[in-house]
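Colleague: I would like to go through this model with you. Please tell me what each term rests on.

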Amino acid sequence: MNGEPAGGAYRIEDLAHRSGATVRTIRAYQDRGLLPRPERRGRANVYSDAHLARLRQIADLLDRGYTLASIKELLEAWDAGRGLGGVLGLVAEVDGPWTDEEAVRISRAELDERFGGHPDDAAIADAVELGVLERVPGEDETYLVPSPQELSVAVELYEAGVPLSAIASHLRELRGQVEHIASRFLEFTTEHVFARYLGEHPPTDAEATEAASLVRRLRPLAQQSVDAELARAMRLFATRHLHRHLGTGSPREHPAETRDVAIPAGTMRAVERLVGAGNAAAFITAAAEREVQSRTLDTLAASPHGDNGVAEHP
């Protein structure tokens, strides 16, 4: 913002009204060097459209999380001809949508119908608190759904028999874990990728443009890596869970042959009292395997050069 004020002429009260800032704030910005002094015309101070644009620019940067000190450096760079295009492009890239989903509106009647046709004010309150639903000002019976996919998951779980209160509790737990993953991914990329753009001074226009390009490239990687790892983990634990509940034990690629072993009746009775008759065979098998593993470890530890003499157990 160089040269004399140009464009519309405003008193400070008019400038405050148009910009949304208070008179006191405008004067504070002038004192801090964020806003140039007005043009003096006779006894009046006159502000221009350039002042109005600068105030809106400051408000936008504050909304994006910049401090006044950082804003001053950015604006000084702008006034020196370095440009804010790259920096604002980087900010827009980070602040932009991180999903292709588009928010939709849904009425309270539609919500009730999708969840069994029974109004549940507590469930609605939970959904609003979690951000699954957002209230629409002036429309008490209409809600905004930021993620239709997330709402669809809740509908499917409910239809499968999961209570709404349990769905809300699960989402709270899941959100904390996912936020931890997001935080770690951000720390990781900051350390290894973006550290060179961070310093005591704002990045140059070229550096900010380069960083914005990197954000675009790296943005999908977090979700892709989480998707892949979640698929792997779900297969692993779902398989274990299935075998456990079907009573088949841990899955084996090559099932071992079985062999009858005579066990004293007194020993069997003691085991059955301990774990129950239905679990006695599994308990004895596990105890025997643990003993074999223990002896194998002892032998390995006693023979550090690999000549352990451990016989293969059929």
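Colleague: What makes Leu 61 count as buried or exposed?

Modeller: Its relative accessible area is 1%. Buried means under 20%, exposed means over 50%, and partly exposed lies in between (1.4 Å probe, protein chains only). Leu 61 is therefore buried. Leu 61 sits in helix H3. Its C-alpha atom is 9.7 Å from that of Leu 74, 13 residues apart along the chain.

Two notes on the source. This is a predicted model, where local features need pLDDT of at least 70 and side-chain atom pairs count only at pLDDT 80 or more, while totals for chains, interfaces and linings use all residues. Residues are numbered from 1 along each chain as its sequence is written, and side-chain values use heavy atoms, with hydrogens and water left out.

Colleague: How many helices and strands does the protein chain have?

Modeller: The protein chain has 12 helices and five strands. These are DSSP runs, numbered from the N terminus: helices are H or I with at least four residues, strands are E with at least two. Of the 314 residues in the protein chain, 22% are buried.

Colleague: Why are H1 and H3 called oblique?

Modeller: Helix H1 (residues 12-19) and helix H3 (residues 49-63) pack at about 40°, with axes 10 Å apart. Axes are lines fitted to C-alpha atoms, for helices over the stretch in contact, and angles run from 0 to 180 degrees between N-to-C directions. Under 35 degrees is roughly parallel, over 145 roughly antiparallel, 65 to 115 roughly perpendicular, and the rest oblique. So H1 and H3 are oblique to each other. Their crossing is right-handed.

Colleague: Which residues of H1 and H3 meet?

Modeller: Leu 15, Arg 18 and Ser 19 in H1 meet His 51, Leu 52, Leu 55 and Arg 56 in H3. Contact means heavy atoms within 4.5 Å. By class, the H1 contact with H3 has three nonpolar, two polar and two charged residues. Ala, Val, Leu, Ile, Met, Phe, Trp, Tyr, Cys and Pro count as nonpolar, Asp, Glu, Lys and Arg as charged, and the others, Gly among them, as polar.

Colleague: What makes H7 and H9 roughly parallel?

Modeller: H7 and H9 pack at about 15°, with axes 10 Å apart. The angle is therefore in the roughly parallel class. H7 passes H9 in a left-handed crossing. The contact has five nonpolar, no polar and four charged residues.

Colleague: And why is H9 oblique to H10?

Modeller: H9 and helix H10 (residues 205-246) pack at about 140°, with axes 11 Å apart. That makes H9 oblique to H10. The crossing of H9 and H10 is right-handed. Phe 185 and Phe 194 are among the H9 residues that meet H10, and Leu 218 and Val 226 are among those of H10. This contact has 11 nonpolar, one polar and no charged residues.

Colleague: How many residues does the largest nonpolar core have?

Modeller: It has 18 residues. Such a core is a set of buried Ala, Val, Leu, Ile, Met, Phe, Trp, Tyr and Cys residues joined through side-chain atoms within 4.5 Å. Those with the most contacts inside it include Ile 106, Phe 115 and Leu 151. A second, separate core of 16 residues includes Ile 12, Ala 16, Tyr 29 and Leu 35.

How values were computed
A crossing is left-handed if the near helix is turned anticlockwise from the far one by less than a right angle, and right-handed if clockwise.
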